[in-house]
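Open the model in your viewer and keep the selection tool handy. We will go from stop to stop.

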Amino acid sequence: MRTLILALAIVFTLSFSAGAEAKSLIIVFSHAGENYSVGNVAVGNTMKLAQIIAAKTGAELFEVKPAKEYPSTYDECTDIAKREQNAGARPAILEDKDISGYDTIYFGYPIWWGDIPMCMYTFIEAHDWSGKTVIPFCTHEGSGAGRTDRTLNSTMKGANVRKVTAVRGSTAQNNPSASERALAGILK
Ligand SMILES: Cc1cc2nc3c(=O)[nH]c(=O)nc-3n(C[C@H](O)[C@H](O)[C@H](O)COP(=O)(O)O)c2cc1C
């Protein structure tokens with residue numbers, strides 16, 4: 001009898017701790033190719049930060065990819081992005097990700113015309129954010145987080161959205177140790 005009780009206690013403890021385990025996910029959009037101040041890059045600036053976060057936290061990484069890729073040349077990309085923003089477009093994305101099993105979501109993007117890229121609106125609006133802790137990070141080349149603190153708070157309804165951590169794209173691309181320092185606040 002005592003063995004049975006002990007066995008039940010072990011099963012209960014194991015299943016309870018497995019159920020309580022917090023799961024983290026990194027959702028990132030990043031544009032490789034020609035970019036401002038870093039030249040032509042194989043891995044985008046924001047993706048570089050996402051890779052550091054993945055390595056430090058063990059969180060799973062999901063990349064948002066638009067169904068129609070943005071051009072790799074900077075000027076063409078900025079023109080299309082501006083047109084999409086003016087039109088309030090919601091560009092289709094290649095693949096979706098079920099976020100329901102994750103408590104903490106790192107959310108990464110480059111600043112495009114002061115805001116999140118429109119394909120990130122597509123992703124946000126397809127999901128239920130209530131109860132999630134969202135830890136946003138972005139890269140930029142001068143405008144900091146732009147208006148994205150506001151955007152994320154108004155679109156991710158019911159989530160606890162932390163303040164955006166903003167890092168220069170050139171730092172993210174070329175200086176891993178400075179990037180780690182910049183991310184220290186969200187890697188705790
Ligand atoms: C379409 C587009 C719009 C951009 N708009 C801004 C902006 O408003 N403010 C800013 O500081 N940087 C802007 N940038 C620069 C990017 O935010 C910066 O290069 C970023 O690090 C790119 O990250 P990624 O390589 O992950 O895409 C823009 C870049 C592109 C391609």
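Select helix α4, residues 118-125. This is a predicted model. Color the buried residues of α4: Met-118, Cys-119, Met-120, Phe-123 and Ile-124. An α-helix has 3.6 residues a turn, so residues three or four places apart point the same way.

Now show what covers those buried residues. The cover includes strands β1 (24-28) and β5 (104-110), along with helices α3 (74-87) and α5 (148-155).

Next, the core. Which residues have the most contacts inside the largest nonpolar core? Pick Tyr-106 and Met-120, in a core of 37 residues. The largest share, 5 residues, comes from α4.

Stay on Tyr-106 and display its contacts. Leaving out residues up to four places away in sequence, Tyr-106 touches Ser-24, Ile-26, Ile-53, Ala-59, Ile-135 and Phe-137.

Move to α3. This helix has 14 residues and reaches 20 Å from its first C-alpha to its last. That is close to the 20 Å expected at 1.5 Å a residue. Step past the end of α3 to Gly-88, where phi is positive, near 65°.

Last stop: the ligand. Which of the 23 residues around the ligand come nearest? Select Gly-44, Thr-46, Pro-110, Thr-139 and Gly-169. The elements giving two or more residues to this shell are α2, α3 and β6. Color the shell by type: 8 residues are nonpolar, 14 polar and 1 charged.

Definitions and conventions:
Residues numbered from 1 in each chain as written. Predicted model: local features only at pLDDT ≥ 70, side-chain atom pairs only at ≥ 80, totals over all residues. Buried ≥ 20, exposed ≤ 12 C-beta atoms within 10 Å, placed from the backbone. Helix = DSSP H or I, 4+ residues; strand = E, 2+ residues; numbered from the N terminus. Contact = placed C-beta atoms within 7 Å. Expected span 1.5 Å × (residues − 1). Core = buried A, V, L, I, M, F, W, Y, C linked by C-beta atoms within 7 Å. Near = placed C-beta within 6 Å. Nonpolar A, V, L, I, M, F, W, Y, C, P; charged D, E, K, R; others polar.
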